[in-house]
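Here are my notes on this one, in the order I'd go through them. Have the structure open while you read.

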Amino acid sequence: MSKTIQDHITDALEELTERDLKKFKNKLCDRLGEPKIRKGVIETAEPADLAHKIVRTYTECKAAPVTVEVLQAIDENQIAEELRQNTIACK
């Protein structure tokens, strides 16, 4: 069975250190675009739960680009590029 967008996002988030995951969550909540995810909703979320919330909030095809954008904003460019490459088929 092939991986879903949510699986790829989970994999990317699991590569982050605890400190970087916290930075990711803060940046995600602070992004200018809509819809917004409230900090209280994801503050204690593990990578799989966070990926689920991202996909449910931004839809399957928009979740990966939003995640890539936030990863780049916290200087996790290699993880961002891997995620972008793994999810490029969804446009």
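1. First, a term: contact here means heavy atoms within 4.5 Å. On provenance, this is a predicted model, where local features need pLDDT of at least 70, side-chain atom pairs count only at pLDDT 80 or more, and totals for chains, interfaces and linings use all residues. Residues are numbered from 1 along each chain as its sequence is written, and side-chain values use heavy atoms, with hydrogens and water left out.

2. Have a look at L50. Setting aside neighbours within four places in sequence, L50 is in contact with L13, L21, F24, K25, L28, I42 and A45.

3. L50 also turns up in the largest nonpolar core, which has 27 residues; I9, L13, F24, L28, L50, I54 and L71 have the most contacts inside it. Such a core is a set of buried Ala, Val, Leu, Ile, Met, Phe, Trp, Tyr and Cys residues joined through side-chain atoms within 4.5 Å. Buried is under 20% relative accessible area, exposed over 50%, and partly exposed in between (1.4 Å probe, protein chains only).

4. Which helix gives the most to this core? That would be α5, with six residues. Helices are DSSP runs (H or I, at least four residues), numbered from the N terminus.

5. V70 sits in helix α5 and is buried, at 3% relative accessible area. Not counting residues up to four places away in sequence, V70 touches F24, K27, L28 and R31.

6. H8, in helix α1, counts as buried at 16% relative accessibility. Beyond its neighbours within four places in sequence, H8 is in contact with K3, L83, N86 and T87.

Notes:
Helix = DSSP H or I, 4+ residues; strand = E, 2+ residues; numbered from the N terminus.
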